[in-house]
Amino acid sequence: MAAAVSKQRYAGIPSNYIFILYIRAIKRPKNQFGILAEASTVLMEITIKRPDDWHVHLRDGIMLAAVLPHTARQFARAVIMPNLTPPITTADMAADYRWRILQILPDEVAERGFQPLMTCYLTDETKPADVEQGYLDGVFTAVKLYPANATTNSALGVTDIAGRAMVFEIMQELGMPLLMHGEVTDPDIDIFDREAVFIERVLAPLRLDFPDLKIVLEHATTKDAIDFVRSNRENTAATITAHHLFINRTDIFEGGINPHRYCLPIAKRENHRQALRQAVASGDACFFLGTDTAPHTMGTKETACGCAGIFTAPVALELYAQVFDEEGALDKMEAFTSLNGPAFYGLEPNETTVTLIKESWTAPDRIGIDDGQSVLSFMAGESLDWQLKE
Ligand code: DOR
Ligand code: ZN
């Protein structure tokens with residue numbers, strides 16, 4: 001896989017860490033001759049403020065029960081996507097959904113606290129007053145814009161984005177973020193160009209029309225997206241997934257077509273993946289963590305017309321750590337995972353911390369669901385460099 005390309009190891013461990021970093025030598029047990037059985041192994045640990053995931057698909061029912069512990073294990077807060085069937089279009093629906101999530105939190109997580117931040121699925125019918133009330137009541141954190149039919153469960157998304165101006169107006173006044181699935185749906189546009197064309201045709205004009213609206217371009221996959229966000233950074237940000245940092249479009253076909261590497265926006269050429277890696281490694285405030293972890297059962301992935309979505313929740317934070325390590329930028333990890341997102345949303349960073357340790361482990365394979373089906377984890381069965389210390 002493409003990720004193996006940039007192994008920089010510890011060449012330039014920076015001295016100005018903003019989090020606690022310490023290297024320790026672990027002595028292996030002595031053998032019967034009193035000699036160290038193996039050479040000392042150097043382990044590395046990083047402790048950072050507990051991260052948040054600013055883009056998560058938890059689904060509902062037994063799927064929710066199966067996947068929630070994986071996200072809740074790592075993150076303090078998560079922005080919950082509303083593309084259920086039916087979609088979460090009202091504050092009442094969002095409040096009920098939030099309750100269902102909190103109900104089934106594992107005990108140890110419930111004690112520590114996990115906060116689902118709810119989103120409103122924007123449709124052609126959404127009323128500005130309902131969005132405003134949901135926000136003021138503390139139910140909605142943000143609005144999610146899916147261009148109609150752009151991706152999974154987006155059939156009821158927006159057909160006329162310019163026609164939603166009244167909603168954007170009120171959001172701008174409130175300081176409420178608009179989260180965008182940034183792809184055009186025109187079938188004549190090549191699937192690999194849909195994000196770049198969206199930026200040109202939709203995002204750029206919207207940015208000019210609503211200069212104070214907080215916009216998050218979700219799951220950025222192109223250098224075009226990175227450049228656009230950087231040059232409009234005051235009120236524009238992008239989330240970047242773990243999987244887009246690891247795979248490029250060639251990897252989808254490595255050894256045969258691999259439906260578990262299919263997601264939307266689809267992974268792009270290697271130069272785009274490198275631009276994403278540089279963006280996260282920069283620690284710039286306009287980029288933050290959003291996994292877009294999107295579980296689908298094996299049956300709905302491995303079929304003639306497989307669903308889009310990559311399930312990264314069991315390995316997400318560990319993969320991001322690997323990227324920062326490989327890019328020689330561990331000192332920037334906390335900004336990307338734990339500081340930039342809250343700052344953009346106008347929230348405080350978390351007070352608690354997590355520790356990751358550089359020690360290889362094997363990523364889980366399938367996550368079972370109560371009905372006997374299962375979901376395949378990204379990187380299933382592969383050796384990963386970093387693990388979360390529980
Ligand atoms: O790959 C994706 N899967 N992209 C999306 O935008 C939606 C998601 C899902 O809900 O499965
Ligand atoms: Zn998503």
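Buried, as used here, means under 20% relative accessible area, with exposed over 50% and partly exposed in between (1.4 Å probe, protein chains only). This is a predicted model, where local features need pLDDT of at least 70 and side-chain atom pairs count only at pLDDT 80 or more, while totals for chains, interfaces and linings use all residues. Residues are numbered from 1 along each chain as its sequence is written, chains are lettered from A and ligands numbered from 1 in the order written, and side-chain values use heavy atoms, with hydrogens and water left out.

Let's start with the metal. H55 (NE2), H57 (NE2) and D292 (OD) coordinate the zinc ion (ligand 2) at 2.0 to 2.1 Å. Donors are N, O and S atoms within 2.8 Å of the metal (3.2 Å for Na, K and Ca); water is not among the atoms, so sites may look incomplete. Along the sequence, the donor spacing reads H-x1-H-x234-D.

Here are some buried residues:

| Residue | Relative accessibility |
|---|---|
| H55 | 1% |
| H57 | 8% |
| Q172 | 18% |

Q172 sits in helix 5 (residues 165-174); helices are DSSP runs of H or I, at least four residues, numbered from the N terminus. Beyond its neighbours within four places in sequence, Q172 contacts F210, P211, D212 and L213, contact meaning heavy atoms within 4.5 Å.

Now the nonpolar core, a set of buried Ala, Val, Leu, Ile, Met, Phe, Trp, Tyr and Cys residues joined through side-chain atoms within 4.5 Å. The largest one has 100 residues, and F168 and M171 touch the most other members. Helix 11 (residues 316-326) gives this core its largest share, seven residues.

Note on methods
Helix = DSSP H or I, 4+ residues; strand = E, 2+ residues; numbered from the N terminus.
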